[in-house]
Amino acid sequence: MTRTRRLRWNPALVAGTVLLSATALVVLVASFVLGEDAHALSAQAGQGPSGEHWLGTDDLGRDLLARSLVGARASLFMALIATGISMFLGVLIGAAVWTAPRRLREFALRIVEISVSYPELLVAVVLAAILGSGPWQVVVAVSVANIPVTARLTANLSGAIFQRDYVTTARLVGVPRRALISRHLMPNMAEPLLIQLAASFSTGLVAMSALSFVGLGVQTPDIDLGRLLADALPAIYSRPVEVVGPTMMILLMSIGAMLVGDGLAAAADPRVTRRPASTRPVPTRSKDVGSAAPVVVRDLVVSRADGTDLVHGISFEIGRGEILGLVGESGSGKSLTALSLARLLPDGLTASATALRAGSVDLLDRPARAELADAVAMIYQDPGTTFNPALRMGTQLTEVLRVHRGKSAKQAREIIAGLLAGVHITDPPRLLRSHPYELSGGMRQRAMIAAALAAEPALLVADEPTTALDVTVAAGILTELARIRDETDTAMLFISHDLGVVTELCDRVLVMKDGVIVEELTGEALRAGQVSEPYTRMLLDAVPTLAVTS
Ligand SMILES: Nc1ncnc2c1ncn2[C@@H]1O[C@H](COP(=O)(O)OP(=O)(O)OP(=O)(O)O)[C@@H](O)[C@H]1O
């Protein structure tokens, strides 16, 4: 079950909504009431404003106010239809681009970027000229001209959202593509897309009026605002009042739409956050090596597309119920090692190994997502980006159980509630009803651990799980991880650049430098300071201590 985020009204949004709806209402009502007056000829030609004709009459004696309101109705409908078409197709193309294979995506993105570089009005004029004059031709021309800008916005938004941890997690657990788009992409793009909708309406209205003005749109005797402006042009110096009606209608509607857009932008949620992580399968090299350990990594190489190796053939195993620490300075290759195990390497990087196994799953065999979810779970550094801000915690935490274990929503909630209680969340039902932003960082991280355990993975990767937390909360999370190690068979890969934390928690520690393991130590040896590598010594010396001098 998903939520509706409450709209935060602000002056621009109120003013825009009132202006737009009042104008639309007046236009609709008046155009029905005054429909005949707009076309009725009279002897009172070319008159100025009067009590009978508020905006005067044109050279055939037709009431200019009635014509403006009737013309505005046509422009309003045409702009709405064009906006609907361009938004629908733009969002579809933009989202589809990000679910396409990499090469096709790159190609499509370039096409969209090139299309955006042509001014919309110019494209609309060219298309309308090709299609011929008429209202539908203009609607199609303006719709098509507006598609690229929406498609690019959607593609950019999708790209950013696709790289957030919660989407990475959803992909890791094998959430189907359609659900990814409807549940994770769309709710998080709603605000910018609504803003784009308002902008698209406004530019569409102006473009359509411009096309009718130059004779490509609505044709006499039908009228829209552009047509009325064209009719007023010959008398622009002798009776300038003729342009007032259509100009005012264009202004009122587009200012209304712009204010709504600005209001939505101001009301947009400021909590939108990011963290580049990502996704790409791991191509492979060759075959195995027998070992009883649940996690086996042999000769893991991670390379860039240009052939540069970032991780240089490292090997390690993790035993049942063992926490293996992976330490090293920033850029030493810790995260790439972990992402290779989860088959979540960023685009442009590939991994190969002679053995890569978690539990019974051979990661070199391109396991199905469901299998992978059983094998590997991840806890990320920043609990603020781990969850989709648009969904309740219950929806997200139960995902893996519903998707892979076929549990009903109720069963999944019960299991997760038990796991949440296990990680010392005091009121699990309340947490399940909450949105992520209602929780503290520590609670979110505990919830992430509970979600990770739900799949009973053979390997739990914790990538700097305490770095974004304050010291006391971090201590609580470390205690949870130690408890999981003591109470379950889960093998754990604990990544950190902080030897102090690793010393507290890990049974064994690998020290990485420049993509190579330079030293392997037991937890005791590390605690006793028995290290042989100068690099490890340097890391150890970098651990802050609270020395009190008197
Ligand atoms: N997508 C990428 N494309 C190219 N190089 C990358 C990419 N991701 C990481 N690298 C490079 O690979 C090396 C190892 O990166 P990695 O993220 O594994 O380091 P790390 O030890 O986890 O660092 P940190 O503690 O800062 O997270 C670094 O030199 C980094 O610049």
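Strands β1 (residues 295–304) and β2 (residues 309–318) run antiparallel and are joined by seven bridges. Strands are DSSP runs of E with at least two residues, helices are runs of H or I with at least four, and both are numbered from the N terminus. Two strands count as paired if DSSP finds at least two bridges between them. The model is predicted: local features need pLDDT of at least 70, side-chain atom pairs count only at pLDDT 80 or more, and totals for chains, interfaces and linings use all residues. Residues are numbered from 1 along each chain as its sequence is written.

**The β1–β2 hairpin**
- Valine 297 has phenylalanine 316 in β2 as its bridge partner.
- Four residues lie between the strands of this hairpin, and glycine 307 takes a positive phi near 95 degrees.
- Aspartate 299 also has a positive phi, near 55 degrees, although it is a residue other than glycine; its place is in strand β1.

**The six-stranded sheet**
- An open sheet with mixed pairing is formed by six strands in the order β7-β8-β9-β3-β10-β11.
- Its edge strands, each pairing on one side only, are β7 (376–379) and β11 (516–522).
- From one strand to the next, the twist averages 20 degrees.
- Four bridges link β7 and strand β8 (residues 459–463) in the parallel sense, and isoleucine 379 has alanine 462 in β8 as its bridge partner.
- Helix α21 (residues 534–541) packs on the sheet and touches β3 (323–327), β10 (508–513) and β11; its direction makes about 105 degrees with that of β10.
- Angles run from 0 to 180 degrees between N-to-C directions, and axes are lines fitted to C-alpha atoms, for helices over the stretch in contact.

**Helices α2 and α8**
- The axes of helix α2 (residues 64–99) and helix α8 (residues 225–232) come within 7 Å and cross at roughly 140 degrees.
- That angle makes α2 oblique to α8, because angles under 35 degrees count as roughly parallel, over 145 as roughly antiparallel, 65 to 115 as roughly perpendicular and the rest as oblique.
- Arg67, Ser68, Gly71, Ala72 and Ser75 of α2 make the contact with Leu225, Arg227 and Leu228 of α8; residues are in contact if their C-beta atoms, placed from the backbone, lie within 7 Å.
- By class, this contact has three nonpolar, three polar and two charged residues. Ala, Val, Leu, Ile, Met, Phe, Trp, Tyr, Cys and Pro count as nonpolar, Asp, Glu, Lys and Arg as charged, and the others, Gly among them, as polar.
- Proline 221 lies in the loop between α7 (177–213) and α8, and the peptide bond from threonine 220 to proline 221 is cis, with omega near 10 degrees.

**Annotated transmembrane regions**
- The unreviewed UniProt entry annotates "transmembrane region" at residues 12–34, 76–100, 107–130, 136–155, 193–218 and 248–268. UniProt positions follow the numbering used here, feature names are shortened, and annotations may be inferred rather than shown by experiment.
- Residues 12–34 are 96% helix and 0% strand, with end C-alpha atoms 31 Å apart.
- Residues 136–155 are 100% helix and 0% strand, with end C-alpha atoms 28 Å apart.

**Around the ligand**
- Ser330, Lys334, Ser335, Leu336 and Pro346 come nearest among the 14 residues around the ligand; a residue is near if its C-beta atom, placed from the backbone, lies within 6 Å.
- Helix α10 (residues 334–341) gives the largest share of this shell, three residues.
- The shell has four nonpolar, eight polar and two charged residues.

Key
Contact = placed C-beta atoms within 7 Å.
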